[in-house]
Amino acid sequence: QVQLVESGGGLVEPGGSLKLSCAASGFTFIGAAMRWYRQVTGKEREFLASIGSDSGSTMYKDFVKSRFIISRDNAKNMVYLQMNSLKPEDTAVYYCNAYSAIGKGFDYWGQGTQVTVSS
């Protein structure tokens with residue numbers, strides 16, 4: 001059974017930091033590119049960051065490039081998103097995604113974790 005379980009969301013003041021975690025199980029984690037997305041109610045889900053299976057390649061959306069850091073621990077089947085200098089406009093539900101285009105491929109999603117940036 002495939003599971004992606006996000007955690008670490010919550011309420012934080014502007015300028016603060018949060019570290020999101022995503023625990024993966026039920027698929028070959030080391031073979032997956034891992035991504036973080038977010039979605040504001042009423043808007044489309046937007047890509048934030050990705051990390052390759054070997055942790056050597058990362059990609060960020062421009063508006064988070066200097067503030068967010070994606071990382072993964074293949075030994076623990078975990079992926080993280082360190083978020084710094086948070087702004088009210090970062091308020092959203094944050095989702096973890098596992099993707100592979102190899103063979104049959106797969107595209108799995110977690111249930112999301114709410115991040116609220118407010119004073």
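This is a predicted model: local features need pLDDT of at least 70, side-chain atom pairs count only at pLDDT 80 or more; totals for chains, interfaces and linings use all residues.
Q: Where is S85 found?
A: Residues are numbered from 1 along each chain as its sequence is written, and side-chain values use heavy atoms, with hydrogens and water left out. Helices (H or I, at least four residues) and strands (E, at least two) are DSSP runs, numbered from the N terminus. By that scheme, S85 is in the loop between β8 and β9.

Q: Which residue's side chain makes a polar contact with the side chain of N74?
A: N74 is also found in the loop between β7 and β8, and its 25% relative accessibility makes N74 partly exposed. A polar contact is a pair of N or O atoms within 3.5 Å; within protein, one must be able to donate a hydrogen and the other to accept it, and residues adjacent in sequence count only if both atoms are side-chain atoms. At 2.7 Å, the side chain of N74 is joined to that of R72.

Q: Which residues is N74 in contact with, leaving aside neighbours within four places in sequence?
A: Contact means heavy atoms within 4.5 Å. With those neighbours set aside, the partners of N74 are F29, I30, S53 and S55.

Q: At what angle are the ring planes of F27 and F29?
A: Both residues are buried, F27 at 13% relative accessibility and F29 at 2%. Rings of Phe, Tyr and Trp (its six-membered ring) pair if their centres lie within 6.5 Å; planes under 30 degrees apart are stacked, over 60 edge-to-face and the rest tilted. The centres of F27 and F29 are 6.4 Å apart. Their pair counts as tilted because the planes are at 50°.

Q: Which residues form a cluster linked by ring pairs?
A: Searching the whole structure gives six aromatic pairs. Ring pairs build a cluster from F27, F29, F106 and Y108.

Q: Over the ring of which residue does the charged end of R35 sit?
A: A charge sits over a ring if NZ of Lys or CZ of Arg is within 6 Å of the ring centre and within 35 degrees of the ring normal. K19 has its charged end over the ring of Y80, 4.6 Å from the centre. For R35, the distance to the ring centre is 4.3 Å, and the ring belongs to Y99.

Q: Which residue of β8 is the bridge partner of A23?
A: Two strands pair if DSSP finds at least two bridges between them. Strand β1 (residues 3-7) runs antiparallel to β3 with five bridges, and V5 has A23 as its bridge partner in β3. β3 and β8 are antiparallel as well, joined by six bridges. There, A23 is partnered by M78.

Q: Which residues have the most contacts inside the largest nonpolar core?
A: A nonpolar core is a set of buried Ala, Val, Leu, Ile, Met, Phe, Trp, Tyr and Cys residues joined through side-chain atoms within 4.5 Å. The largest one has 29 residues. Elements giving two or more residues to this core include β4 (33-39), β8 (78-83) and β9 (92-100). Inside the core, the most contacts belong to M34, W36, L81, M83 and Y94.

Q: Which residue's backbone nitrogen does the side chain of T113 reach?
A: T113 lies in strand β11 and is buried, with a relative accessible area of 10%. Residues that T113 touches include E6, L20 and Y94. At 3.3 Å, its side chain reaches the backbone nitrogen of G9.

Q: How far apart in space are G112 and R38, C-alpha to C-alpha?
A: G112 is in the loop between β10 (106-109) and β11, and its relative accessible area of 15% makes G112 buried. In sequence, G112 and R38 are 74 residues apart. From C-alpha to C-alpha, the distance is 8.4 Å.

Notes. Buried means under 20% relative accessible area, exposed over 50%, partly exposed in between (1.4 Å probe, protein chains only).
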